[in-house]
Amino acid sequence: MKLDQTLWRVAWLLLLLLATAAVGNAQAGKRNVLLLVADDLNCDLRSYGHPRVQSPNIDKLAARGVRFERAYCQFPLCSPSRSSFLTGRRPNATRIHTNPRAGQFSTDYKPTPNFREFLPDTVTLPQLFRQQGYFVARVGKLYHYGVPAQIGTSGLDDVESWEYFVNPAGRDKAEENRIFTFTPGSFGGTLSWLAAEGTDLEQTDGLSATAAVSLLEQKRDKPFFLAVGFYRPHTPYVAPKKYFDLYPLDKITLPTLSASDQARLPEAAYGSARKEQETLTDQQRREAIQAYWASTTFMDAQVGRVLEALDRLGLAENTVVVMTSDHGYHLYEHGLWQKMSLFENSARVPLIVAAPGTKGNGKPAKALAELVDLYPTLADLCGLAPPKYLDGKSLKPVLEDPASNVRDAAFTQIRRGDYDGYSIRTARWRYTLWGDGKKGEQLFDMESDPAETKNLAADPKHVSLVEVLKRRVRAYSHAGP
Ligand SMILES: [Ca+2]
């Protein structure tokens, strides 16, 4: 009799354990995802320590999530970066190293190159959630778009990724003729800006936030993966005038240029410089910075509208929220503008992951992170099994303990015509190899020289360090698909 009772107890305990595990899995599987991606947003944000830029809504998210201080894109250009983090593969696996040029089409009239040409059967991050029965939708720019030319179209979209999409187009697109530009008739790529008339809601990103809020209201009762891709602060820097008033020109200080910046050495490091930008006056440089910061604060306000809806609808407790950007951005540091350099400003991205219930919430993390880590992280947080071939690592251990690390280096690469540059960032160093050494190399001590002013690559004191880091970037560059 006693033995029977014990057996029953053991059986009950086992059943209870199994039931608890099953409920746990079901709950984890039902977590929603809200993926917020700004275009060309650098870390000029209050929560990242910037003294001037107002970003109250992103800051609020940072306060309830984990803010990664050392997150890096794999390629500081729209299509290569987005193709990489949305497939979970490095640029040498997607083979996307450029944006498609206007009028460049493959045989089925898709802009080329796109990653499906090389990885036809790959399962993208949103596609994985679709396969698991989630409602998966995109609002605005997730895959590459020519901005502003393709606003209102699907751009270089991947149809397999989404069940539903919205392509907003606002006043910023309709009133392009009002935009100030250095290249007449051109508003993307070239520096261009406008302190706009009208309200937030009339701008493309305002319409995106409205559409996202409406989708949250409609789809609140089933698991969703909602990706919202904002177009700002990408050029043209268009934002309602009130945001420009936050940043008076006489309070904007321009970055100073080091001796190597002035000598433009090694040349490859400065290969993203455009001729028109060399002719800017200091006053115009301040105006460009003002317009970029105004666009950032405007975009932040739209992020706030979406997050407010998430709270209002009671969805915040069961939704993983990610805020990031496709790459960083130069505002005249090193004399450069925009992206496509391998300096910190271009390679580094803001990354905030707010996953309800993780122990690290509210803390910053110094752990190195790559954008390619997003895919395995979101799959992990939602209890989905990701494809085996992914190149990134789940950041969940860092979300549980922000003092921990999952990688000892982050890589970023860029193409310069017929050669490539590869850069490795460790906790202390940034080392960059151009054209496998034929076009120069750079080593910066990011602890003592965060502005990257002293190139130590030729310093005899660092010979063995350079050798180790060179071996790492070469191994990375040779890693095939
Ligand atoms: Ca971009």
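These are my notebook entries on a predicted model, entry by entry.

**Entry 1. Whole chain**

I began with the overall counts. The chain holds 15 helices and 17 strands. Its radius of gyration is 23 Å, close to the 23 Å that the globule rule gives for 481 residues, so I note the chain as being as compact as a globular protein of that length. Along the principal axes, the C-alpha atoms fill a box of roughly 95 × 60 × 50 Å.

I then looked up burial and surface. I find 58% of the 481 residues counted as buried. The accessible surface comes to about 19900 Å², and carbon and sulfur atoms hold 55% of that. For contacts with a separation of 6 or more, 72% are between residues 24 or more positions apart.

**Entry 2. Calcium site**

Which residues coordinate the calcium ion? I list Asp-39 (OD), Asp-40 (OD), Cys-78 (SG), Asp-326 (OD), Asp-326 (OD) and His-327 (NE2), at 2.2 to 2.9 Å. In sequence, the spacing of the donor residues reads D-D-x37-C-x247-D-H. Cys-78 sits in helix H3 (residues 78-87), and Asp-326 in the loop between strand E9 (319-325) and strand E10 (330-331), so this pair ties together parts that are 248 residues apart in sequence.

Why is the arrangement irregular? The six donor atoms subtend angles of 49 to 152° around the calcium ion, which makes it so. The cut-off I needed here is that six donors count as octahedral if opposite donors are over 155 degrees apart and all others between 65 and 115.

Cys-78 is buried at a relative accessible area of 1%, and Asp-326 is buried at 0%.

**Entry 3. Leu-41**

I looked up Leu-41, which lies in the loop between E1 and helix H2 (56-64). Leu-41 is buried, with a relative accessible area of 0%. I took one C-alpha to C-alpha distance: Leu-41 and Ser-295 are 9.7 Å apart in space and 254 residues apart in sequence.

**Entry 4. Asn-32**

Asn-32 is in strand E1 (residues 32-39). Is Asn-32 buried or exposed? At 4% relative accessibility, Asn-32 is buried. Its side chain makes a polar contact of 3.3 Å with the side chain of Thr-319. Thr-319 is also on the list of residues that Asn-32 touches, not counting those up to four places away in sequence, and among the others are Tyr-134, Lys-222, Phe-224 and Val-320.

**Entry 5. Ser-84 and helix H3**

I went back to helix H3, where Ser-84 is found. Ser-84 is buried, at a relative accessible area of 1%. With neighbours within four places left aside, Ser-84 is in contact with Gln-74, Arg-89, Arg-90, Pro-91, Thr-94 and Val-372. Phe-115 is 31 residues from Ser-84 in sequence, and their C-alpha atoms are 8.9 Å apart.

**Entry 6. Helix H13**

Seven of the eight residues of helix H13 (residues 374-381) are buried, so I record H13 as largely enclosed by the rest of the structure. The buried ones are Leu-374, Tyr-375, Pro-376, Thr-377, Leu-378, Ala-379 and Leu-381. Just after H13, Gly-383 has a positive phi of about 70°.

**Entry 7. Backbone exceptions**

For reference, most residues other than glycine have a negative phi, and most peptide bonds are trans. I looked for departures from this.

The peptide bond from Arg-232 to Pro-233 is cis, with omega near 10°. Pro-236 is in the loop between E7 and strand E8 (237-240).

Arg-264 has a positive phi near 55°. Arg-264 lies in the loop between helix H9 (259-263) and helix H10 (275-278), and is partly exposed at a relative accessible area of 24%. His-334, not a glycine, has a positive phi of about 60°. I find His-334 in the loop between E10 and strand E11 (337-338), buried at 4% relative accessibility.

Notes
Residues numbered from 1 in each chain as written. Predicted model: local features only at pLDDT ≥ 70, side-chain atom pairs only at ≥ 80, totals over all residues. Heavy atoms only, no water. Donors = N, O, S within 2.8 Å, 3.2 Å for Na, K, Ca; no water. Tetrahedral: all angles 85-135°; square planar, octahedral: opposite > 155°, others 65-115°. Helix = DSSP H or I, 4+ residues; strand = E, 2+ residues; numbered from the N terminus. Buried < 20%, exposed > 50% of the residue type's maximum accessible area, 1.4 Å probe, protein only. Rg over C-alpha atoms; globule rule 2.2 N^0.38 Å. Contact = heavy atoms within 4.5 Å. Areas by Shrake-Rupley, 256 points an atom, 1.4 Å probe, with all protein chains shown as cover. Polar contact = N/O pair within 3.5 Å; in protein donor to acceptor, adjacent residues only side chain to side chain.
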